[in-house]
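Biologist: I have just opened this one and would like to walk through it with you. Could you keep the answers plain?

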Amino acid sequence: MFALLAGLIPFTLFNFLAVVSPGLDFIFVSRTALISGKRAGVQAAFGVSVGCIFWGLAAFFGIQTLFKILPVFYVALKVVGGLYLVYTGIQMIRGSFKKQEEILEFAFQPAKNPFIRALFCNLANPKVPIFVTAIFTSCFPSNTPLWVGLLAVLVMFLTGVLWFSIVSVFLSAPKVAKWFFHKQSLIDRIAGSFFAGVGGFFIWEALQEGLKKS
């Protein structure tokens, strides 16, 4: 039993390093917490982490094998995910220019479905299943029992919830959020440009792979 669980130690470390590294999930949760407050930020944290459950289960049951057998699925995932990220980025940028009446006092802005949007943000990233599959295959043998795989997925979920909740609580603290308050438009433009750029890159990669196979 202890031999089976030994793989959880490096798996947890690799997963933690991936979670805390700045990326799409981190930017989305941070922006949500800064602009819409702690509750919305924590909801986004749960959304991202539920996405990790999906990718963890997919990796454990061999989604990369499916991608190798039918590469069109991976190309389609890149295109669909890229389009969603581009759309999200454009919406952020457009919203940053729609200035209504000037708000003189600090106030969090209501967020629309932060859990669902964070979930889609995580699922739209085609690099996640490849990375998760890599750490699963590196840390666990092919005959790993189901319960060990489920425990590893639970580790992914809890790591994501704890880290992104901590980020949300810190960034939504009054002193921090007030400092960023008058920079909301800049935050949206930077975040929107990043999302649109990454999404565009995924689409470009998918088109390149499609051309190579044609």
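Biologist: Is Leu-13 buried, partly exposed or exposed?

Modeller: Leu-13 is partly exposed, with a relative accessible area of 47%, where buried means under 20%, exposed over 50% and partly exposed in between, using a 1.4 Å probe and protein chains only. Please keep in mind that this is a predicted model, in which local features need pLDDT of at least 70 and side-chain atom pairs count only at pLDDT 80 or more, while totals for chains, interfaces and linings use all residues. Residues are numbered from 1 along each chain as its sequence is written, and side-chain values use heavy atoms, with hydrogens and water left out.

Biologist: Where is Leu-13 found?

Modeller: Leu-13 sits in helix 2, helices being DSSP runs of H or I with at least four residues and strands runs of E with at least two, numbered from the N terminus.

Biologist: OK, and how many helices and strands does the chain have?

Modeller: There are 11 helices and 0 strands, and buried residues make up 44% of the 214 residues in the chain.

Biologist: Changing topic, how many salt bridges does the structure hold?

Modeller: It holds 2 salt bridges, each defined as a side-chain nitrogen of Lys or Arg within 4 Å of a carboxyl oxygen of Asp or Glu. In one of them the side chains of Glu-205 and Lys-78 meet at 3.0 Å, N to O, and this pair links distant parts of the chain, since Glu-205 is in helix 11 (residues 184-213) and Lys-78 in helix 6 (residues 71-97), 127 residues apart.

Biologist: And which side chain meets Glu-205 at 2.9 Å?

Modeller: That is Lys-127, again in a salt bridge (2.9 Å, N to O). Lys-127 lies in helix 8 and Glu-205 in helix 11, so this pair ties together parts that are 78 residues apart in sequence.

Biologist: Which of these are buried or partly exposed?

Modeller: Glu-205 and Lys-78 are both buried, with Glu-205 at a relative accessible area of 15%, whereas Lys-127 counts as partly exposed at 33%. Salt bridges that share partners join Lys-78, Lys-127 and Glu-205 into one network.

Biologist: Why can such side chains pair at all?

Modeller: Side chains of opposite charge can pair when their charged atoms come close.
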